[in-house]
Amino acid sequence: MENYKEFYPTPEELVNKMLDGVNLNYVKTVLEPSAGKGNIIQGLKNHARYQNLDIDCIEINKDLRNCLKGAAADAAPAEEAPIISTAF
């Protein structure tokens, strides 16, 4: 991942701090507009184990999308989360 000059993955500690402040009982849909390799999605998976969230991911970088596919699939139990390949 060193070759990506604009790749700034969200550290796990920050993801946990961010999600600790969210009551996921009121969340049904999540948009991850710059998903990278899926750190926030993995955090959602850990914090919302028993909820069926609708997660949409956007990542413009093809290599990062490949990393993201596994993270998104793990986070959405019923089906793989959609990964959108272009910026909006």
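A: Begin with the term that the reading needs: a residue counts as buried when its relative accessible area is under 20%. Keep in mind that this is a predicted model.

Q: What is Val 30 in contact with, beyond its neighbours within four places in sequence?
A: Val 30 is in contact with Leu 44, Leu 53, Asp 54, Ile 55 and Asp 56.

Q: In what sense do strand 1 and strand 2 pair?
A: They pair in the parallel sense, over 4 bridges. Thr 29 has Asp 54 of strand 2 as its bridge partner.

Q: Which residues touch the most other members of the largest nonpolar core?
A: That core has 13 residues, and those touching the most other members are Val 30, Ile 41, Leu 44, Leu 53, Ile 55, Cys 57 and Leu 68. Helix 1 (12-20), helix 2 (39-47) and strand 2 (54-58) each supply at least two of the core residues. Helix 2 gives the most, with 3 residues.

Q: What pattern does the chain follow along the sequence?
A: The pattern is α-β-α-β-α-β, with 3 helices and 3 strands.

Q: How much of the chain is buried?
A: Of its 88 residues, 31% are buried. The accessible surface comes to about 6100 Å², and 50% of that belongs to carbon and sulfur atoms.

Technical notes
Residues numbered from 1 in each chain as written. Predicted model: local features only at pLDDT ≥ 70, side-chain atom pairs only at ≥ 80, totals over all residues. Heavy atoms only, no water. Core = buried A, V, L, I, M, F, W, Y, C linked by side-chain atoms within 4.5 Å. Buried < 20%, exposed > 50% of the residue type's maximum accessible area, 1.4 Å probe, protein only. Contact = heavy atoms within 4.5 Å. Pairing = 2+ DSSP bridges. Areas by Shrake-Rupley, 256 points an atom, 1.4 Å probe, with all protein chains shown as cover.
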